[in-house]
Amino acid sequence: MAAHRKPRQRPLGGHTVRTAATLALAGAATAAAFEGTGHADPQLTPAQVKDRVDKLYQEAEVATDKYDGAREKADAAQRRMKTLQDQAARKQEKLNSARDALGSVAAAQYRDGAVDPAWQLALSSDPDRYLEGAALAERVGDRQAAAVSQVRERMREIERLRGAARVELRCLRSRQAELKQRKKTITGKLDEARRLLARLTPRQRTEVTGSAGTPAGHVSRAASGAREILDPTGSAPASNGRAAAALSYAYAKLGSPYVWGATGPNAFDCSGLVQAAYRSAGISLPRTTYAQINAGRRVSRSELQPGDLVFFYSGISHVGLYVGNGQMIHAPNPSAPVRLAPIDQMPFAGATRVA
C-alpha cells in the first residue's frame with residue numbers, strides 16, 4: 001500500500017522562492033527586450049558620440065589603408081597574369097606555325113610514298129607522345145630534328161607560362177576575397193558612425209565633426225594659381241617647386257568630399273589626396289600611408305617645411321600635407337571634406353620630405 005501513496009507536497013523554501021523569482025524577472029526582462037530593443041541602447045552624450053565616432057573613423061581608416069594595399073596587390077597580380085597569358089598566346093601561335101611546317105614535310109613525304117613513322121606520330125592527336133620519343137632525332141634528318149626540338153621547347157615554355165598564370169590567378173582570387181572582407185569591415189564601421197551621428201541635432205553634429213566649412217581665403221588663393229604657397233601667416237614658402245605644386249593642388253581641392261579608396265580628381269581618402277597632389281607635381285608616391293612614410297627622407301617635427309607629409313597614429317593610418325604654422329591639408333573622414341586642420345589634433349607619428 002505504501003507504494004501507492006501520493007508523495008507529500010513540500011513547501012517552497014527560501015532558496016526555491018528566490019530561484020523562481022529570478023527566473024520570472026529574467027523572463028520579463030527578455031520579453032521587454034524583444035518588445036523594444038531600440039530603447040535598450042544607452043543615451044550617449046555628444047562628447048561620447050564624438051569619441052566613439054572618432055574611434056570608428058580611425059579604425060575604418062586603418063582598414064581602408066589595408067584595403068588600398070590589397071587592391072594594389074590585386075591589380076599587380078592581374079597585370080602579371082595578363083602579361084603571362086599574352087606571352088603564352090604569342091608562343092602558341094609560333095608553336096602552331098612550327099607544327100604546320102612539320103606537317104608540310106610529312107605531307108611531302110607522303111606524296112613521295114615514303115611517310116616516316118615518326119611523322120605519323122607528329123600528325124597524330126597526341127603530339128606529346130611523338131615529342132617524347134627518345135629515338136626521334138635519330139630517325140629524321142638534322143633539319144627536321146632541329147624543328148622538332150624547337151616544337152618541344154615551345155610546348156614546355158607554353159606550359160610554364162600557363163602554370164605561372166594559374167598561380168597569379170589564385171593570387172588574384174585570394175586578393176579579391178581579402179578586398180571583399182576589408183570592404184565589409186570599412187562599410188560596417190562607417191555605417192555605425194553614421195547611425196551615431198544621426199541621433200544628434202544638426203548643431204551637435206557640426207560640433208562633433210567640426211565640418212563648419214572651408215575658409216574662403218584659402219580657396220581663392222588656390223584658384224589664383226599661385227606658384228609660391230605660403231603658410232596661413234604668409235611667412236614660410238614651400239621648400240621647392242615640386243612641393244609648391246603639390247600644395248597648390250591640395251589647396252585647389254579644399255572642400256572635396258572624402259570617399260574611402262578614392263584618389264581624385266573629385267574625391268579622396270587621406271593617402272589618395274597626398275598621392276594625387278604629388279602626382280600633379282611629377283612625383284610618384286605609394287598608395288598607402290605605411291608605404292608613403294618610407295617614400296622620402298624622414299624629418300623631425302621641428303624641421304617641418306610646407307610640402308612635407310605628416311603622419312598620425314601608431315599604426316601610421318593617417319596622412320596630411322603640411323602647409324606651415326602647425327597646419328596641414330588633409331582628407332579627414334566621411335563626415336568632413338578636404339580641409340585645413342592643426343597637426344596637433346591627432347597623435348603625431350612622423351614626417352617625410354619627398355620633394
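**Note on the predicted model: helix packing and loop residues**

1. Of the 355 residues in the protein, 37% are buried, where buried means under 20% relative accessible area, exposed means over 50% and partly exposed lies in between, with a 1.4 Å probe and protein chains only. This is a predicted model, in which local features need pLDDT of at least 70 and side-chain atom pairs count only at pLDDT 80 or more, whereas totals for chains, interfaces and linings use all residues. Residues are numbered from 1 along each chain as its sequence is written, and side-chain values use heavy atoms, with hydrogens and water left out.

2. The protein has eleven helices and six strands, these being DSSP runs numbered from the N terminus (H or I of at least four residues for helices, E of at least two for strands). Its accessible surface comes to about 20,500 Å², of which carbon and sulfur atoms hold 52%; such areas come from the Shrake-Rupley method with a 1.4 Å probe, and for residues only the protein chains shown count as cover. Among contacts in the protein with a separation of 6 or more, 63% join residues 24 or more positions apart, a contact being heavy atoms within 4.5 Å.

3. Helix H9 (residues 241–252) packs with helix H10 (residues 270–280) at an angle of about 125°, their axes lying 7 Å apart. The axes are lines fitted to C-alpha atoms, for helices over the stretch in contact, and the angles run from 0 to 180 degrees between N-to-C directions. The two helices, H9 and H10, are therefore oblique to each other, given that angles under 35 degrees count as roughly parallel, over 145 as roughly antiparallel, 65 to 115 as roughly perpendicular and the rest as oblique.

4. On the H9 side, Arg-242, Ala-243, Ala-245, Ala-246 and Tyr-249 meet Ala-276, Ala-277, Tyr-278 and Ser-280 of H10. By class, this contact of H9 with H10 has seven nonpolar, one polar and one charged residues, where Ala, Val, Leu, Ile, Met, Phe, Trp, Tyr, Cys and Pro count as nonpolar, Asp, Glu, Lys and Arg as charged, and the others, Gly among them, as polar.

5. Nine of the eleven residues of H10 are buried, so H10 is largely enclosed by the rest of the structure. Just after H10, Gly-282 takes a positive phi of about 85°.

6. The loop between H9 and H10 holds Pro-265, and the peptide bond that leads from Gly-264 to Pro-265 is cis, with omega near 5°.

7. Two residues that are not glycine deserve a look for their backbone: Tyr-313 has a positive phi of about 75° and sits in the loop between strand E2 (309–312) and strand E3 (318–324). Asn-325, in the loop between E3 and E4, has a positive phi of about 55° and is partly exposed, with a relative accessible area of 45%.

8. Ala-336 lies in the loop between strand E4 (327–330) and strand E5 (339–342), and is buried at a relative accessible area of 3%. Its C-alpha atom is separated by 7.1 Å from that of Pro-257, which is 79 residues away along the chain.

9. Gln-345, in the loop between E5 and strand E6 (348–353), counts as partly exposed at 41% relative accessibility. Leaving aside residues up to four places away in sequence, Gln-345 touches Met-328 and His-330.
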